[in-house]
Amino acid sequence: MEKIKLLAKPYISILFLNDIKAGLILVLLSFLLPSVGVLGLVGLLSTILFAELVNMRDEYLRYGFYLYNSLLVGMGVGYYFEVTSTTIFLTIILSIFTFLLSFSLNKVFAKYSLPILSLPFALVSMLFYLASLKYTTLLSNILNRHPIFDITLPFSPFFKSMGTIFFLPYDIVGIVISLVILFYSRILFFSAVVGFLVGIGVHSIFLPFSQALNSAYNFNFILISMALSGIFLIPHYKNFLLAMIGVILSVVMIDAMEVFFNMYALPVYTLPFNAIVLLFILLLYSIGYKYFNYSIKDTPEKSLNSFLSSFYRFGGNDIKINLPFIGEWSVYQEFDDEWTHKGKWKYAYDFVIKKDDKTYKNDGLFLDDYYAFGKDIISPINGYVVALRDDLVDNFIGNVDRVNNWGNYIIIKSDYGYFVEISHLMQNSINVKIGDYVKIGQIIAKCGNSGYSPEPHIHIQVQKYGVLGSETISFKFIDYIQNQKLYFYSLPKKGENIISTVNDNSMKLRLTFILDDKFKYEVYKNSQKIDEVEIVVKMDENGAFYFSIGENRLYFYLDEKLFYFYELKGEGLLKDIFKSVPKIPLINSNIEYDDVIPLEFRVDKLQNVIMQMILPFNYKLFNQKTVYKKENLKISSVYGEVYFSFYDKGFMQFKFDEYELKRITE
């Protein structure tokens with residue numbers, strides 16, 4: 001089975017997909033022109049054997065481009081020449097060369113986070129074509145390109161262009177490839193069609209329409225559109241526009257290359273596709289483009305779901321920090337507020353303590369009158385202390401230090417590379433030193449009134465560099481409680497009172513699962529026992545943990561403050577478990593909180609297909625919140641109820657709709 005996967009995966013990878021069954025279809029399809037099918041396999045097998053020879057099996061299994069570039073080279077030879085001992089030998093040589101070039105280009109491109117795409121194939125194929133002009137012994141092997149079977153279809157130019165991706169410019173091949181793409185990804189199919197039409201339309205401005213319609217290189221429009229609107233970028237209406245701009249740019253590039261290459265009788269191949277896509281990726285990755293696809297999934301739909309789940313469930317790629325205090329505080333200033341949070345220092349928060357809507361007792365004339373003064377400040381991140389000062393006196397009420405604006409401060413470098421500064425600290429209250437490693441929740445100082453501070457408060461900001469006065473960066477707070485509701489990855493408004501969460505270590509212990517943990521449950525339907533199931537904790541090849549029932553997998557993660565499920569592979573009871581407790585806050589409060597269930601959990605398959613086509617144009621359709629209520633050892637929602645044992649690890653009981661799971665304890 002592994003050998004079949006090894007052979008089939010490169011075929012489907014050319015279309016940016018990942019299903020082996022579809023790959024097998026394409027393997028069979030390649031033999032409609034036997035020389036393409038045979039020499040494609042020769043190229044593939046040659047690369048595999050060479051990789052085995054140099055002990056790179058794991059490398060080429062992990063990175064599909066090592067194989068599909070050689071596959072394309074073999075298909076290219078098969079498109080021009082019959083299968084003979086000479087062409088087989090030539091294919092072997094070229095495939096090994098392609099493998100070496102793929103490896104070298106990947107080492108260079110990886111420094112800039114660039115994929116090599118099919119660039120090795122394009123370069124090696126040009127060398128082959130140039131060399132073939134001198135190889136007179138090949139002239140007798142030039143192929144008479146008639147497929148075993150073909151049909152004529154409406155929209156033939158589109159299907160021929162689709163087939164040309166595999167060196168099979170025939171309607172029958174194009175329709176099969178189109179159906180494969182349509183089956184796995186409506187977004188990719190839509191992108192392919194629109195990209196083709198836009199490319200033809202723009203090209204026909206400069207050429208007769210029939211000439212533009214039947215160009216041999218129109219497949220570049222299809223590949224560019226698919227790559228930029230659904231693979232390397234998250235499906236979004238802006239990215240569809242960027243993809244069309246890429247297609248339009250490629251029109252001129254294709255014609256320019258074709259004129260130049262014709263001087264040497266060279267085909268253009270996929271060079272325009274590679275050049276345009278790489279230029280876009282380099283630009284968008286370098287500027288931190290919001291809709292760049294940093295985690296490419298099997299299909300654009302899955303990439304979009306993953307992106308939206310990350311955004312709406314976990315705050316996306318924004319920097320996230322904990323609150324720097326314990327207990328209840330009030331927002332004094334938020335981002336871009338009316339006083340000091342302006343310009344490059346706009347991403348900052350100020351906090352005070354209020355009682356009866358006042359920040360002080362008595363007349364507020366003395367520092368000790370202020371509820372915030374002297375209160376503990378805790379580290380909001382894990383990281384190293386890189387700068388601090390604590391010798392400045394705390395201002396008397398009514399005075400401010402305009403020279404030392406920040407007052408006493410501490411700057412911590414996060415493990416993730418950004419910096420957090422906390423300012424206006426009490427004189428001589430910092431209890432750590434430069435170089436110390438601090439952890440979330442560790443007391444590091446006390447709230448003071450030093451620097452440009454009208455009254456005791458905490459000022460916190462995330463910044464680019466570890467120096468005083470550095471430009472600030474947007475961030476979110478990981479969690480906080482407001483009016484008995486728990487908020488995740490959010491920002492409170494000015495004047496709102498919020499409470500920091502307190503970790504419940506006993507809940508964390510209940511949800512600390514280790515490899516091969518097993519939990520047995522009786523399954524009831526309408527109060528009648530119908531089955532018994534065993535949930536086993538397993539780990540995949542990437543080190544990710546999941547619950548397993550048979551072949552079904554439910555992936556989970558545990559951090560300091562939260563247990564959550566994030567991906568389901570399969571169906572059945574694990575799907576109900578996901579919906580009933582997608583997040584479990586590890587806190588000791590009875591509270592309500594929201595979560596956003598992934599789309600495929602909320603709608604049927606047909607609705608899901610329709611919604612996936614609409615989502616790129618309106619992300620907010622994904623953001624349908626479900627309310628969860630935590631009461632001691634129970635979590636409830638519209639999807640059911642989940643119970644925890646006071647003594648045992650794991651889940652004690654699940655109730656959803658007509659089903660119920662009861663833990664079997666031994």
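Glu-641 sits in strand β24, residues 640-644. Strands (E, at least two residues) and helices (H or I, at least four) are DSSP runs, numbered from the N terminus. The model is predicted: local features need pLDDT of at least 70, side-chain atom pairs count only at pLDDT 80 or more, and totals for chains, interfaces and linings use all residues. Residues are numbered from 1 along each chain as its sequence is written, and side-chain values use heavy atoms, without hydrogens and water.

**Exercise 1.** Classify Glu-641 by accessibility.

*Solution.* Take the cut-offs: buried is under 20% relative accessible area, exposed is over 50%, partly exposed is in between (1.4 Å probe, protein chains only). Glu-641 has 24% relative accessibility, so Glu-641 counts as partly exposed.

**Exercise 2.** Find the polar partner of the Glu-641 side chain.

*Solution.* Look for N or O atoms within 3.5 Å; within protein, one must be able to donate a hydrogen and the other to accept it, and residues adjacent in sequence count only if both atoms are side-chain atoms.

**Exercise 3.** Check the length of helix α14, residues 271-286.

*Solution.* The expected span is 1.5 Å times one less than the number of residues. With 16 residues, α14 should span 22 Å. Its end C-alpha atoms are 22 Å apart, which agrees.

**Exercise 4.** Decide whether Ser-414 is buried or exposed.

*Solution.* Locate Ser-414 in strand β6, residues 408-414. Its relative accessible area is 4%, so Ser-414 is buried. A polar atom of its side chain lies 2.9 Å from the backbone nitrogen of Tyr-416.
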